[in-house]
Amino acid sequence: MGYELLQILTVTIAVGSLYALVALGYTLVYGVLKFINFAHSDVFVLGAWTSFTTAVFLIATQGIDSANPPWWLGVLVFLSALVVCGGVGYCIERFAYRPLRKAPRLNVLITAIGVSLLLQNVGQITGPTIARSEQGSPLATLPFGATPKRMPTLLPEVVLNESTLAKGQAQGGAARGVVVLDQQITLEEGRQYRLAITRMQAGSDGALRTIRESLSLAVESGTYAAGTELRTTPRRTPEELSGATYELRRGPRVPINLIDVIIVVVSLSLMVGLQVLIYRTKMGSAMRALSHNVETASLMGINTNRVISFTFVLGSVLAASAAFLYPMKYPGLNQTAHGIWVLLGLKAFVAAVVGGIGNVRGAVLGGFLIAAIEFFGAWAYAPLRDVYVFAVLILVLLYRPNGLLGKAVMEKV
Amino acid sequence: MKTLAQHTKDVPASRAFRPAVVFLPWVACVAVAFAVQLVAPALFDDYWVNVLRRVGVFVIAAVSLNIVNGITGQFSMGHAGFMAIGSYIGASTTYTGSLLLHGSVGDDSFAVQGTMLMLGGLVAGACAAAGAGYLVGLPSLRLRGDYLAIVTLGFGEIIRVLLELTSKQVDTADGARANPFAAFFSFNGPTGFFGTPAYASNFWIWLFVAITCVVAYRLKRSSSGRAFLSIREDEIAARAMGIDLTKYKVRAFVLAAAFGGVAGALFSHTGVNPSPTDAGFQRSFDIIIMVVLGGLGSISGSVLAAILLVLLPEMLRGLQEYRLVLYAVLLIVMMLVRPQGLFGVKEVWDLWGAKRKARGGTP
Amino acid sequence: MSTAPATLLEASDIGITFGGLKAVQGLSLRVPTGALHGLIGPNGAGKTTAFNLLTGVYQTQTGSVTLAGTTLSGKRPHEIALAGLSRTFQNIRLFGELSVLDNVMLGSHLRGTHRLIRTVFRTPAFVRQEEAMRERALELLGIFGLQGLAAEQAKSLPYGDQRRLEICRALATEPKVLLLDEPAAGMNPSEKKSLASTIRSIRERFGVAILLIEHDMGLVMDICEHITVLDHGQVISAGTPRFVQDDPKVIEAYLGVVEEEGTGNGERGTGKASLGKASAG
């Protein structure tokens, strides 16, 4: 159980930092405009789908081997998400919110809901195909269409703290789907094992190519002598396995995935960057001035429209970063209006509120806190996973409406 | 100057009771119900008669949401949650009730009793939804606009999750008799609740449409309605005028939820199987759009908008994919161009009534 | 006012702190029945905060408020209104979308009973009350010369009418004490003159005590019998207009502000000047 909890902790840290990135967008906009940008989570979804579409497009048109993607693919995909989300964030503010700067709150709220609905549903329209498979079936359309898709791998799945127990020659057994190893192996109870197989295979043009793949062992724990036939999934034929080498890899009790490390590193550096931007730059002090008092700020010669636009773009770019990282961890992409996205956005929003909306550090704290509540709660009783988060939201709003780090604001009469 | 209490005592009896004003609207309700029931089949084919039932349900939903979102100005985004509660409780009352009393569901010989069960289900659904409305209304006292919107959105989602957790529907009389209570609340999880007979004819639906409109309109044009409106206009001034925000906000939520529950209960008796996704925000958004389009605070505006927005997609079948895009654009453009909605807080007839003399009392 | 009438509204030692700033501190007030009491002080002295404390918009952190013997502190704003304390706002807070008549009818809301069943079925009790509210509202509007505007939207009224409508609405609550927050703000001299007579006649006609925040010193000195002066959240002087006018502390407070604005060095002037002039305009 201890290991299980540690595993949940690693997920919490990874997903928590993504929540924090999205929550920062809510908080930044709230800071300067004092309203909740309902469409923010949809900007995040847009980022995820932009990442998908760019990746698929580049893979299909640039002849990239999708099994071994080059490093620059990830970079281009990331940039595309940043540009699209930043641009859309700018447009939302410029054309939907700016005309309502002096309107009653309710109107702004309704507009925000409208923008959110618009992004969701435009995304679901099936547009012209921009990438096809070799067989000619459409892989990606723009807009994205209403069917779920799977994000191509941009990064090989690597568990950083996996250990190699044995190496050697493998061969196929008598039947399809079994592997015979050249030495005795012992599999302990409660551990994950896999065989990393390296083998040669002829392509359609006849040339031999090296294939690296991972087979999991479909056998119980115990000691197996050299020459025992071990069942695997996926199943490989004896021909495929001839001349193959293997590495028996033992999964750690608490796996640390490369992607999780990348998520945490990228998120933390963005957060540090944001902190520097807010407290060390001219634009940052303009943002802080605006969040204190818009009228005074504009009297002091701050171009409020520019600062507000900048804030929107900044928030959108942070959401785009999260949106680029998220499908690398969870590659299943649901259509843009799917409820799962709304829930995701809501969790990030709750994170912002719990931390104290308008407070940058609060958003980060809230992100981790909400992820912890969600994942540890799910561990306790999975079906109520989403209910926990809302229960926390309601409790916080009732008993500490300004969040954990927020300051109390008195309404002026 | 006389106090209000003295003034009230001095109002002559002749002015205190005018039978026509008091009773005619109820008569009109029944008349409307009969009219729709009898005239619709003569004019349209079965498909459109059925669409008309859907229209009615959404009119009730929109008018009830208008009580809280429009008149009281508390932006709730969880109305579908209340509807779903009404839907399930109503459907289960008829379904489980039929099993217990008759042994099977939907028999022609049981239709009259079945309809009675449905009416009981409407009341039960309305009460359950009202209870939920009370629970949601309470935090609304301490939450400002956008927070309230999020909390109510979360409420709808919680209802959805809870409905998904319910156990498998009990579909035999023996099963129901073994444990009626458990059977009643076995809502069949994510797949939705099946087999409720379509007892809600246009008569019943439009009867409740008319009743909802009369109640909502009478509320709006009354001291309570003014209190609701004052909260929407300025909470601080309302408090200073002695209006108990707690009481009126909760009242608005409970009333809206109750009628939302009625809408839901009727809906589940039109041959539509209630499912947990009905509680989600998509449905709530649909109703919000109706209220905003018609005008926040305008009862007749909500009625017209609901009719329009249910019929429109039916007429533009080929454009299903673009329906919600269109709604979204409508919502944004509305806020930019005419933020108060088509009719604002006014009623349709106020527009050609010119400027009548001071009114604001009873109609 | 030779005999001392019974105290109606009494605040003793009330205070509130916002994030370290003592907005109001140790404020004590006694408003007798039928009094016309002024509350003055430089900008930011805490006058409106004092009103907010009295009416329950903010909760008092120290001290207590009583109205005709009932304790008000700790009660919620609507309960305080029901107890007989009604107010207007510095930055007019009417129900803008509603009609002028509806605004005043809302004022009398708290004196009625509002059952949903009665409302829905339009029972005689409901209709009676509704008619009474309307008649009363029209009568009040008549007193303020607004009856012709009853059907207009409140927000469409000219500024002066909105001020009067707010007073009208506050009176509809049948208050014992009326709190007016800068009723003359934005009015021209002739409007101010008519406002002064209106305030006096309100007291006669409705038998209410009036507590008045006003910047126009001429108006305050003219109509109030008793004045309390606040500066930096504290009472610096209290007494008759003549006494307050000559109180060096008051002059210092006002002139200090003038100097601050002029030179920005924050030092307070000590020169003696007529208060009426110091704050004119």
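Chain A of this predicted model is split into domain 1 (2-154 + 257-399) and domain 2 (163-250), with bounds from an automatic or database domain assignment. Their centres, taken over C-alpha atoms, are 41 Å apart.

Some conventions. Residues are numbered from 1 along each chain as its sequence is written, and chains are lettered from A in the order in which they are written. Because the model is predicted, local features need pLDDT of at least 70, while totals for linings use all residues.

Next, the second largest pocket. A pocket here is an open set of points on a 1 Å grid where a 1.4 Å probe fits, with protein on both sides within 12 Å along at least five of seven lines; lining residues have an atom within 4 Å of a point. This one holds about 1,500 Å³ of space. It has 43 lining residues, and A:P156, A:E157, A:V158, A:R194 and A:S214 are the closest to its centre. Which strand gives the most? That is β8(A), with seven residues; strands are DSSP runs of E, at least two residues long.

Now to chain C. Strand β3 (residues 36-40) has five of five residues buried, so it is largely enclosed by the rest of the structure. Buried means under 20% relative accessible area with a 1.4 Å probe, protein chains only. C:L36, C:G38 and C:I40 lie on one side, C:H37 and C:L39 on the other.

β3(C) runs parallel to β8 (residues 209-213), joined by four bridges, and C:H37 is opposite C:L211 there. In β9(C), C:H37 has C:H226 as its bridge partner.

Technical notes. Predicted model: local features only at pLDDT ≥ 70, side-chain atom pairs only at ≥ 80, totals over all residues. Heavy atoms only, no water. Points joined across faces, edges and corners; volume = space filled by probe spheres on them. Buried < 20%, exposed > 50% of the residue type's maximum accessible area, 1.4 Å probe, protein only. Pairing = 2+ DSSP bridges.
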